[in-house]
Structures are given as structure tokens and as C-alpha cells.
Amino acid sequence: MAKFVVLLGPPGVGKGTQAKIISDQTGLKHVSSGDLFRENLKNKTALGELAQSYMTKGDLVPDDVTIAMIKERITRLDCEAGAILDGFPRTPAQADALANMLNELGGAQVNCAPWITAPEAILIERLSGRWTCRANGHVFHETNNPPKSKSVCDFDGSELYQRDDDKSDTVVRRIQVYLGQTAVLADYYRARKTLVEIDGTQSIENVSAALLATLKQ
Ligand code: AMP
């Protein structure tokens, strides 16, 4: 049976970094809704144009288009064994839609929902010092996780840039949106006995170790 992991937690807590590490370790595909939107933006698709106004403000893209985008992605062959979902779902309606689409995919379900948490001051510090690679979305932090050479991705040599929505006003808005619309998903998955709380203030290595231990259970 396919295995689906939903990584929960506020912006800046390290979901993207961790998803890449545990994807490499487990072979499960990393599916990031934010990366998919950014790819659409880069390719100037109609979906990218629609998403852009929401993303620059730090607001959520409407559920219907987000759900359709994820459905198209996880029904591809490379998610046959499952996936690590990063940034989706972000609302209860998206979580319900996910449950339905997995059920349609041969009765799969969300097996595990790690909830990574950290205080707001840490999130702001991490987001505003974050540099992202243009080619594949690898993330670095100017002090906590610097690249070997400035502005160049260690993994694929592409340019590192600061996302528009990692600039200060939008960062605060994104955290507010998380608290107002997404944090409730902790209760959603707790009620379904799949929530596992993980302390996101630990080192990257310790968070990965905690996640991998959880996934083995
Ligand atoms: P992220 O890279 O996960 O921080 O996402 C960047 C932006 O993409 C968010 O601030 C939203 O505008 C949009 N986005 C990503 N995932 C979702 C989602 N599941 N629902 C709605 N909007 C999303």
C-alpha cells in the first residue's frame, strides 16, 4: 500500500529542508505545493498567473485550484509508492479533498502527519535569512545552514535568491495565515490518530532523525 506523509508546521519551520532529506532516505517522492506554484509562475502558466497575487501577499491560493493541482501531481506514476506532502493540505477542505483523492487511489490514506513546531521569533529569523535555489528549490540559511559558496546552490550549482514572500511584511502575514487557517489541521490529524509532534527548534539532523524514526513505526 502506498505511503503518504503530510508534513505540517508553520512557514519557516523547515518542512522543505526535511522533506528533501527524508525523501532521499525513504525514496518517497517530495511534493511541495509551494514549489509547484513557483514552477507555474516561472513558466508563466495561467495557474501561475492566478496564484501570483495570492503568493506575493502571503495569502492562500483558493482551495479548488490548489486541490486540482495536487490531484494531478499525486496521481502521476512517480507517486505510486506514496509521497511526502509539504505545504499541502493547508485548510480542512484541502485535508478532506486529500483523504478523498487518496481513497480513490486504491484506498490509500495519510499514514503519518508530523507536526513540526517552533516559536514565531525563530520562524521570522529563519525565513528572513533564507536563500532558495532557482533550479530545484533547495534551501539554505545565511547563518544556520550557509551554502559552501555565496549565492550558489551546493547541490546543483544554480543561483540562490531570496523569495519575494520571504521579505519581512509578507513573512508576518504568512505566519498569521498559518495560525488562522492551517494550524487547525493539527487537531484534524490528531483526531485521526496520525499526528506526531516534533520540536523544530532542534538541529536539522535531529529533526530528520525524529522524522525518520516516526516513519519507521
Ligand atoms: P510555501 O512554499 O509552502 O511557503 O508556499 C508559498 C505560497 O504558495 C503560500 O504562501 C501560498 O500563497 C501558496 N500555497 C502553497 N501551498 C498552498 C496550499 N496548500 N494552499 C493554498 N496556497 C498555497
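I began with Gln 217, which I found in the segment after helix 9 (204-216); helices (H or I, at least four residues) and strands (E, at least two) are DSSP runs, numbered from the N terminus. Gln 217 is exposed, with a relative accessible area of 78%, where exposed means over 50%, buried under 20% and partly exposed in between (1.4 Å probe, protein chains only).

I kept in mind that this is a predicted model, in which local features need pLDDT of at least 70 and side-chain atom pairs pLDDT 80 or more, while totals for chains, interfaces and linings use all residues. Residues are numbered from 1 along each chain as its sequence is written, and side-chain values use heavy atoms, without hydrogens and water.

Next I turned to helix 6 (residues 120-128), where I noted Leu 123, Arg 126 and Leu 127 as buried. Seen down the axis of helix 6, its buried residues fall within an arc of 95° (taken from the directions from the helix axis to the C-beta atoms), so they line one face of the helix.

I then looked up the largest nonpolar core, which has 33 residues; such a core is a set of buried Ala, Val, Leu, Ile, Met, Phe, Trp, Tyr and Cys residues joined through side-chain atoms within 4.5 Å. Helix 5 gives the largest share of this core, 5 residues. Apart from it I found another core, of 19 residues, with Val 5, Leu 123, Ile 175 and Leu 212 among them.
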